[in-house]
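Please go through the model below by question and answer.

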Amino acid sequence: MISEADIIRIDQPELTASERMYLPQIVDGMKTTLRHLGKNLLKNTFTVQYPEQKRDLRLQNYRGVHRLNRDEQGRVACVACYMCSTACPAHCIHIEAAESPWPDREKYPAKFDIDELRCIYCGMCEEACPVDAIELTPQFDLVGRTREGMILDKEELLAVFDQTAAMKPRKNPHVTGYAGTGSRSCSCEIPISHVPPSAAGASAP
Amino acid sequence: MRDFITSQFGVSVVLAFIVINVLLGAVSYCIYFERKISAWIQDRCGPNRVGPWGLLQPIADGIKFLVKEDVVPNHVDKPLFIFAPAAIFLVAFIGFAAIPWGGQLELDGRLVNIQVANPDIGLLYILGVGSMSVYGAVLGGWASNNKYSLYGAIRATAQMLSYDIPMGLCILVVVLTMGTLRLEEITLQQTGYWAGWIPQWNIFLHPLAFAILFITALAESNRTPFDLAEAEQELVGGFHTEYSALKFGMFFLAEYAHMITASAFIAVLFLGGWHLPGVSWTQPQATQWYAVLAKIVVLSTKIIFFLFVMMWIRWTLPRFRFDQLMRLAWKGLIPITLALFVLAAALLFFDRQRSPLWALSGNLVILVVALITASSSRLRVTGRQVNLPTIAPATDFVRLGRVEMPL
């Protein structure tokens with residue numbers, strides 16, 4: 001039960017004399033639009049003429065097409081732990097794990113498919129990945145002629161890495177410190193072994 | 001043959017052909033400029049892909065209208081459905097017949113009017129034809145057999161009826177001042193000067209009538225803020241909801257044609273038509289072909305200025321609510337124009353109808369009285385009116401919902 005004291009009744013404020021006359025208000029509005037018109041007539045500073053010009057994206061933050069990172073030996077960095085497909089709210093990641101042919105890890109993805117049409121580009125996979133193998137790139141102009149063509153498989157995702165590695169280098173998997181999966185040239189200040197257990201999983205560069 | 005071409009009838013036929021074609025082009029470029037101006041006002045670029053600065057966009061739009069599928073829904077009244085766009089298009093274009101484009105031209109020693117027709121009742125003709133444009137809207141709305149379209153049509157009718165009155169009264173003010181209904185004659189009478197340099201344009205006699213005529217012209221051509229007949233938020237698309245392809249295009253073009261007619265009409269009535277002070281080519285004595293061209297350019301410039309203002313208003317002001325629209329016409333414009341009419345009649349009675357001092361001071365008094373009345377009324381212009389009962393407090397509802405609902 002809402003008591004009468006709790007109800008706040010709001011009356012419209014009275015219009016001032018000039019507002020009731022309409023005309024000064026209209027003149028004000030017309031002045032505003034004329035100012036914008038004049039400014040844009042000379043030079044439009046807002047619009048990006050897309051195919052010719054491109055926006056400056058924040059390369060580290062932009063969430064576009066995914067990529068599967070390679071380690072320094074050119075192998076796929078993914079260890080097929082299924083963390084990303086578990087975290088994915090759109091269920092667009094499909095992984096099939098197989099025994100790793102390399103001695104430094106147990107599993108590797110035999111199949112790694114991402115349905116780019118289903119993906120909502122939230123970046124949860126990137127956050128979930130313990131070895132920083134899956135990342136979102138600043139590439140946003142992904143097109144395809146069929147729905148099937150928009151499901152990127154492992155090779156295509158690795159190809160995206162090859163295309164975008166120059167503009168957005170791979171982050172270091174310093175959080176878990178998997179030997180052999182990350183780059184040796186760690187740029188972070190704290191050595192991996194010095195990260196306290198409480199900070200593991202919470203810290204990010 | 002040469003005799004026929006240089007006769008008034010021949011000139012009228014040639015002029016009609018030219019005017020219709022030029023206007024069809026102008027109307028499509030109106031749409032281009034409407035889009036450009038809206039874009040600039042909203043900090044955008046507007047069409048800029050088809051041709052340089054997007055100048056070929058109207059042609060692309062026209063091709064699109066032509067090749068799109070022309071859907072005639074099953075439930076419509078077919079003859080009327082097809083007739084409506086034709087009616088509105090036709091009516092929008094025949095109004096130009098009485099516009100005096102460029103004074104007189106000397107051909108083979110004879111003077112011919114650069115005007116398709118010069119009827120004695122040119123002013124009434126344009127007024128009548130302009131009011132008929134509502135037929136297209138009403139027929140379209142009725143024939144569409146669709147509730148929203150019909151709503152749009154009814155709104156258009158009510159609006160047209162209300163705004164025809166102040167428009168007619170404004171025109172009567174001009175008629176009383178000029179003493180003629182011939183548009184060419186009205187233009188000629190405005191070519192004199194006061195004090196040697198101020199042109200005797202009617203805008204300097206009755207600026208208030210000019211402003212009100214402009215407002216009613218906006219309403220008559222269904223332009224924002226008076227485009228209630230096609231209020232998208234309430235009526236889907238209004239009377240042209242069911243139309244597609246070229247039929248829709250004709251409704252679209254007719255609106256712009258109507259704007260051009262209204263602009264030309266106001267320019268002739270209040271801004272001296274083709275007259276420009278200080279330029280000898282635009283004086284009534286100049287009858288050479290280049291003088292006629294100069295006069296046409298001057299009149300076109302005035303029309304383009306009005307078109308720009310109409311577009312500028314459209315992208316500035318929001319749409320009226322229907323009761324505001326009606327209140328503006330019946331409680332605002334009609335009393336003011338009635339007062340102006342009485343003023344013009346009184347000036348005529350005392351033989352002061354061409355005296356700017358008397359006319360201007362009369363206009364000023366009427367404007368001041370109107371503004372004082374508007375600003376002193378306690379009526380709220382927006383929102384819920386005070387004379388309606390207050391909304392009952394919701395206490396009963398809450399008690400029922402929360403606690404004492406029987407299980």
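The questions take model confidence, then chain A, then a helix of chain B.

This is a predicted model, in which local features need pLDDT of at least 70 and side-chain atom pairs count only at pLDDT 80 or more, while totals for chains, interfaces and linings use all residues. Residues are numbered from 1 along each chain as its sequence is written, and chains are lettered from A and ligands numbered from 1 in the order in which they are written.

Q: What is the mean pLDDT of chain B?
A: pLDDT is the predictor's confidence in each residue, from 0 to 100. In chain B, 92% of the residues reach 70 or more, but pLDDT stays under 50 over residues 397–407. The mean for chain B is 83.

Q: In what order do the elements of chain A run from the N terminus?
A: Helices (H or I, at least four residues) and strands (E, at least two) are DSSP runs, numbered from the N terminus. Chain A has five helices and five strands. Their order is α-α-β-α-β-β-α-β-β-α.

Q: Is Ala80(A) buried or exposed?
A: A residue is buried if 20 or more other C-beta atoms lie within 10 Å of its own, exposed if 12 or fewer, and partly exposed in between, with C-beta atoms placed from the backbone. Ala80(A) lies in the loop between β1 (66–68) and α3 (83–87) of chain A. Because 22 other C-beta atoms are within 10 Å, Ala80(A) is buried.

Q: Is His91(A) buried or exposed?
A: His91(A) sits in the loop between α3 and β2 (93–99) of chain A. Its phi is positive, about 50°, although it is not a glycine. Most residues other than glycine have a negative phi. With 11 other C-beta atoms within 10 Å, His91(A) is exposed.

Technical notes
Two residues are in contact if their C-beta atoms, placed from the backbone, lie within 7 Å.
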